[in-house]
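Dear colleague,

Please find the structure below, handed over for your study.

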Amino acid sequence: MVIPQHVAIILDGNGRWAKSKGMPRNYGHARGAKNLEVICEDAYNMGIKYLTVYLFSTENWKRSRDEVDGLMRLFRRYTKTCMKTARDNNMKVRVLGDPSAFDPDLQESLKELVESSKDNTGLNFQIALNYGSRDEIVRAVRRISTDCMEGRIRPEEITESSFASYLDTAEVPDPDLLIRTSGEQRLSNYLMWQLAYTEFYFTEVPWPAFTKNDLWKAIEKFNGRSRLYGGNREG
Ligand code: IPE
Ligand code: IPE
Ligand code: MG
């Protein structure tokens, strides 16, 4: 079995899962965060080198005040847990997205999480927080324009690879496999540049119920596909 080097996940369905149990949406988020800890470890044990998960989109601010507040509390707790897991499991954590919209204490903990794990050599774990692809691309264009104006880069030096180095995923290879849980089949502004050649796998299973076995199913399906990157099947 070929194990994809980089798996990206849109962990969706926390709210619907909680509702189906007669529980509030934030209960679903809490259980979803717990499950992420488990899947993270499973992914690493399977041989996955990079795992990138979508935790909060630039659009998710539009949710109710109550839900957003609950999510921020959860991210505070999760950041602390993640710091410990990173230390115990030699995991290197990167944050994708623009954390400047978060409260200063959360921004500080995220910085600490990244800084304290930067030399770790185990799983590369990317958490997308206040992340949107369009926002990421616009931020990259702004920085590249500044570098151009200040003479650090010439327009003819802007190539696909130099541009990619301005994205939040600089240093991270493109995902081989994208998984979206809970039935929706859309990108919701996730990694649009990086997913150009990624295999997509959609499952009805909601995130809090997603198991190692479901991850295996996605990897099996991935193995059944021939990835040609623009080549032809006969070639
Ligand atoms: C995904 O679950 C987690 C976040 C977007 C924060 P949802 O909250 O989107 O759950 P559903 O899709 O409404 O069930
Ligand atoms: C995408 O899920 C964002 C995250 C998983 C963090 P959403 O549930 O917010 O996406 P839409 O609104 O259904 O497209
Ligand atoms: Mg959703």
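The helix α2 (25-46) gives five residues to the lining of the largest pocket, the largest share. Helices (H or I, at least four residues) and strands (E, at least two) are DSSP runs, numbered from the N terminus. A pocket is an open set of points on a 1 Å grid over the protein atoms alone, where a 1.4 Å probe fits, with protein on both sides within 12 Å along at least five of seven lines; lining residues have an atom within 4 Å of a point.

Please note that this is a predicted model, in which local features need pLDDT of at least 70 and side-chain atom pairs count only at pLDDT 80 or more, while totals for chains, interfaces and linings use all residues. Residues are numbered from 1 along each chain as its sequence is written, chains are lettered from A and ligands numbered from 1 in the order in which they are written, and side-chain values use heavy atoms, with hydrogens and water left out.

The largest pocket holds about 570 Å³ of space, a volume being the space filled by probe spheres set on grid points joined across faces, edges and corners. Its lining has 28 residues, and L11, D12, L55, N60 and R63 are the closest to its centre. By class, the lining comprises twelve nonpolar, eight polar and eight charged residues. Here Ala, Val, Leu, Ile, Met, Phe, Trp, Tyr, Cys and Pro count as nonpolar, Asp, Glu, Lys and Arg as charged, and the others, Gly among them, as polar.

Which molecule sits in the largest pocket? Ligand 2 does, in the sense that more than half of its atoms lie within 2 Å of the pocket's grid points. The residues around ligand 2 (a heavy atom within 4 Å) include Y54, L55, F56 and S57. Strand β2 (residues 50-57) gives the most to this shell, four residues.
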